[in-house]
Amino acid sequence: MTSHLTMSAPTLILPERSHAIATDLRAAIGVDKVKDDYSTLTAYAVDASIYRMTPKAVVLVESEEDIAATVAYAVSRGIPLTPRAAGTNLTGSAIGAGIILDVSRLNRVLELNREERWARVQPGIVLAELNKRLARDGLLFGPDPSSGDMCKLGGMLANNSSGPHTLRYGAVKDNVEALRVCLQSGEWLDAKSYGLDDPSCVNLLEKHRSLHDLKLLLQDNAALIAQKRPTVSKNSCGYNLFGLADGLAHGHFDLPKLFVGSEGTLGLFSEATIKLVEKPLATLTALIHFHRLEDVGEAVPKLLELSPSALEVMDSNTLNLIGRAKHGIPADATATLLIELDADGAGIDLREQAERMTEICRRYRLASDPVIAFDPEQRDQLWKARKALYPTLYRFDPRKKPINFVDDVVVPVERISELIRYLEEFFAGQHVPVAIFGHIGNGNAHIIPLLDVNDQGDLEKMVQCYHEIHQTVLSRFGGSICGEHGDGRVRAEYVKTMFGPELYGLFVKVKQSFDPAGALNPGIKISDRPFTDHIDYVRLSKPCATCAKCNAVCPVYDVFQSEDMSSRGWFEIVTDKNFSYLNSKRVVEACLNCKSCRTACPAGVDVSQLILDRRAEQPNKMAGLIFRFHAQSARFERFLKLLARYQALWDRPLMRRLLDRLTKPIMRRLAVTARLSPQLVLPRLAYRQLRDRYRELIPRSGQVARSPVAYFHGCAANYFEDGVGDAVISVLRKHGVEPDLPPQRCSGTPIETYGHRALAKEGARVNLASMAGYDKVVTGCASCTLMLKDYPTLFAGEPEQAAAQALAKRVTHISEFVAQSPMKPAMASLQATKCKVAYHSSCHLRAAGVTKEPRAILAGLPGVEYVEMTDADRCAGGAGTYLVKDFDTSQRIVERKRQAVEQSGAEVVATSCPACMIQLRTGLQGAAEVKHVAQLIQEAYEAADRQTGGGAA
Ligand SMILES: Cc1cc2nc3c(=O)[nH]c(=O)nc-3n(C[C@H](O)[C@H](O)[C@H](O)COP(=O)(O)OP(=O)(O)OC[C@H]3O[C@@H](n4cnc5c(N)ncnc54)[C@H](O)[C@@H]3O)c2cc1C
Ligand code: SF4
Ligand code: SF4
C-alpha cells in the first residue's frame, strides 16, 4: 500500500492563559463571537455526559468564514478544537480543553425541495424546529433521537444519531445526501457520493491527499473490513469504513459515510443536504404491559411483522424507577413495550392494525389490556415518560445517579430478552439498581445503572461493569458496544477491543490523515485514555442531569444561542464553587424568571429558583426603594391616580421619548439594560381603580369573610383600566358567586425577581392572613396564581408554611373555576361569524399546572373559532417587569410569538397575564387584538344576555 499516513501524533499545545487564544480569535473573526469569561467557560465545561473539561475560549460562529478561520487558527497552533451543537451527547464529545466552536447560530433551512423531498440545512437547527418547519409541507426528517426537542442537526450528523423510529427511517447515515465539510486545512469539501469514474471524483482525489489515501486504504483492506463488519442492525462505533467499502463495491466514493458519525474528529460541517420522508397521515401508539420477560422476546418478531415504525422496551427495573403508579403501569408488569404503527396513505387501516396487534398480544400473559392511543395529545403522553427516562431517573435518589457508561449496546433482536435477563441478574448480583430500556426492534438497549461515583465501592463497580458488560456483548452476543450515542470519551477506550487491533489501526490512520495536527476533537473516538479520565465527580452529586431539556424552552437561550445564556448553563454557573455575583452578574440578571425551565425539567430542578436565591444575596437597591413605596398602598395608589389623570398628556410619542431619557438614571440602577421604551404600549392607568369601582365587595376592617370566594386581583387588575378585573368579577357573578375583595398586597413575584425576598415575604404574610377564611381564592393573573401556589416554598421550614400550603390548595385560576363550576350560564347561541382566537399560554400559569382549562373554555365559546398556534407554550418575553428590565431582548423574544400569531391567522390572542398582555400588544403591533380569557368568557355571557334581552347579573 502506498499511503503517506503516519502513526505518531504531534503534541497539542495548551496555553495556560485563555486570553491569548480569545484575543487572537477576536482579531480573526470579531469581538462579539468570541467569549472567554468565567461564566461562559463554566457553562461550556459540560455536556450531557458524565465528564467536565473547561475550555479556553468559545467561538459562536455565524458563517463558513468563521468556521474556516477558527479551524485554521486551532490547527496552526495545535490547540484542541471541539465542535458543538446542543451539547446533549452522552459521551463527552462536545467538551474539550481548547476552543469550543458552537454552531448554534447557524440554524436556518437554506433550501427545501418538496417534490424531490430533500432540504439543505445548517447544523445549528434543533431537530424539533426543523420538523416543525418541514411539517408545513407534510414532510419529516426521519431519524428521531429522544432528545429531539433539544439536539441539533450538527450533533446528530456527527454522532450518526437515531431513535425509536430508526426501525422505519434508518439512522442519520441513511438520510444524508451531502455535507459541506471544513477540513483541517481550512478548505471546504463538498462531501457527497461521487461516481468513481466521474471526473469530479478524479479531481477531488488529486486535490485532497487524505481522500486519495482513504480510497487506497479501503481498497487494500477490503477483506479485513468485510470480516470485521458488525452483524447487528445498528452500529455507531468506530469510523464507518463499512459504508465506504459498500460504496466502492458499487463504484461510488460515498463520502457522507465517512463524516457522518465521525464526532467532529475529521472535519466540521457547515451544512447538510438531508433526505426527507412524507409525514405519516395518522399514527397509532400503544403500551403493552407483559407479565413475563420471555414473552417479550417471543412477541417482538411477531409484532415486527406489522412493520411498526417504532418498537421500544422498558424493563421491570425501569418501570419501578420511574414510578409505576404515576404512569399507570400495573404492579406485576415485568416489561412494557411501546409500539407505533403509521398509516402513510398506502391503504393501511390503523383500526385493523390495532386489532391485529391486540390479537398477537392475546397469545401472551399481559398485565393489563394494551393502552391504545390515536389522538396526538394522548400519544404524546404515552411517549413522554419514555423520552425523558434518563433525566427522570435523576429524581430517584439524591446520591445515586444514572450514569451513562454502558448505555448503548446492540445485540441481535431475537436475543434482547436474553440480554435483559443477563443484565438484571448481573446488576442484582452487584446490588446496583439499573434501568434497561431502548429500541428493542433494533436490538439496541440503553443500560443505565444508578451509582454514587463519589463512593469508592461504586466507582470500582462502575469500572468492573464497563469491562464485563462490553466484553459479554461482544463475545457472547456478537453485538456492538455502540448503537447510536457515539464513542466519545466514554467508549474510545473500547473501540480497539470491539474491532481488533488491525481495523483499529486503520481508524488511527484515517484520523491521522485527516487531522495530522491532532487538533480536531482529541480524546474522542480514537484514544487510549481510560474512560474514567475527566469524570465530573462534583456535578454527579448535583441534581441536574445536564440534559438541556430546559434550554429548549428557555427564551433567553432561544435568542442568544449561547450556553452561558441558557438555563442549563445557569445551573452550572450558580452552583459552581467559584461563583460570585460579581463574576456572573451579567448572566444571573438575564433570567426572566419565566419558570419554563422548571415546567420542562424531568429531574425536578428549578433553575429559576436557584437564580432567585443568588439574586436574594444581592437585592437591587433601586427596586427595593420602589417596592417599599409600593408597599405603602395608600400613597402609592394616590401617585398612580395622579399619573392616570394626566396619562393623556405624558403617554404621547414625544413625551414618552422625553420620559425615557429622564428616567434613564433611575432605570440604570435597576439594570444596565433597563428603560421605559417609548415603544412599550402601556395600559391605561385607572383613575378609579378596581377597588374603588367595587367598594361593595370589600369587607370592612375586622369583618370576617362574607363570601366563600375571594378574588385575589393582584396589582395589574386593580391599577389598569383594561377590563380584566371587571371581567373576572362579572364571570364569577354569572356563576352565582359574589366574591369578596379582601385587603391584599403584591403577590411578590416582581419583588422576588429583584432579590427582595424579605419584602416579598412581608406582603405574603398579609395575603396569608387576609385570604385565610375563604374556601376558594380566585385569581385572574398568571403570576399571582403561581406565586400564591408557591408560598409554601417561600416559607419553607418557617412557621407560615402550613398556612401557605393550605392557601396553595385553595388558589383557583378563573379558567379552572369556570371549568369546575356546576353552573353553566347561558352563552349566545351559535353565531354565524366566528372570531379566530389563539391562546398564548402564560409561562407562570403553565408552571401552576393550568394548561387545558383555558383552551377547552375558549374552544367551547360560541363566537370563537379556536386555533392552536405553534409555540403557544413558549414565553413571549414579558415576564413581569422584564420588558422594562431589558426591552430589547424582550422584543427579540416576542418576535417568535408574533410569527406564530401571524401564521395562525388569529384575530384575537387570549391570555391570562397582564405582563403578557402588554408584551403582546407591544410585539404584535396591532396584528391581532389581545384579550384576557375572562374577557372572552364575559363577552359570550353578555352576548347571551343581549339575545335573551336579559341584563348582566
Ligand atoms: C435525554 C436524552 C435522550 C437522548 N436520546 C437519544 C436517542 O434516542 N438517540 C440518539 O442517537 N441519541 C440520543 N441522545 C444523545 C444526543 O442527544 C444525540 O447524540 C444528539 O444527536 C446530539 O446532538 P447535539 O446537538 O446535542 O450534539 P453535541 O452534543 O453538541 O455534539 C455531538 C457531537 O457532534 C459534534 N458536532 C456538533 N456539531 C458539529 C458540526 N457542525 N460539525 C462537526 N461535528 C459536530 C460534536 O463535536 C460532538 O462530537 C440523547 C441524549 C439525551 C440527553
Ligand atoms: S435543569 Fe433539568 S432540564 Fe435542565 S439540564 Fe438540568 S436536568 Fe435537564
Ligand atoms: S426562568 Fe425562564 S429565562 Fe430563566 S432560566 Fe428558566 S427558562 Fe430561562
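Two strands count as paired if DSSP finds at least two bridges between them. I took helices (H or I, at least four residues) and strands (E, at least two) as DSSP runs, numbered from the N terminus.

Conventions. The model is predicted, and I kept local features at pLDDT of at least 70 and side-chain atom pairs at pLDDT 80 or more, while totals for chains, interfaces and linings use all residues. Residues are numbered from 1 along each chain as its sequence is written, chains are lettered from A and ligands numbered from 1 in the order in which they are written, and side-chain values use heavy atoms, without hydrogens and water.

Hairpin. I looked up strand 5 (residues 109-113) and strand 6 (residues 118-121), which pair in the antiparallel sense over 4 bridges. Val-109 has Val-121 of strand 6 as its bridge partner. Between the two strands of this hairpin are 4 residues, and I noted a positive phi near 55° at Arg-117.

Pro-280. I found this residue in the loop between strand 12 (277-278) and strand 13 (282-290). For contacts I required heavy atoms within 4.5 Å. Leaving out residues up to four places away in sequence, Pro-280 touches Leu-140, Tyr-169, Asp-342 and Ala-343. I also took the C-alpha separation from Pro-280 to Lys-577, which is 49 Å across 297 residues along the chain.

Ligand 3. A residue is near a molecule if one of its heavy atoms lies within 4 Å of it. I listed 13 residues around ligand 3, and the closest are Cys-554, Cys-591, Cys-594, Lys-595 and Cys-597. Helix 21 (555-560), helix 22 (567-574) and helix 24 (596-600) each give at least two residues to this shell. By class (Ala, Val, Leu, Ile, Met, Phe, Trp, Tyr, Cys and Pro nonpolar; Asp, Glu, Lys and Arg charged; the others, Gly among them, polar), the shell of ligand 3 holds 8 nonpolar, 4 polar and 1 charged.

Ligand 2. Among the residues around ligand 2 I noted Cys-544, Cys-547, Cys-550 and Cys-601. The shell of ligand 2 divides into 10 nonpolar, 1 polar and 1 charged.

Cysteines. I counted a disulfide as a pair of cysteine sulfur atoms within 2.5 Å, and the count came to 0. Cys-913 is in no disulfide either, with the nearest cysteine sulfur, in Cys-916, 3.7 Å away. Buried here means under 20% relative accessible area, exposed over 50%, and partly exposed in between (1.4 Å probe, protein chains only). Cys-843 is buried at 6% relative accessibility, and Cys-913 is buried at 5%.
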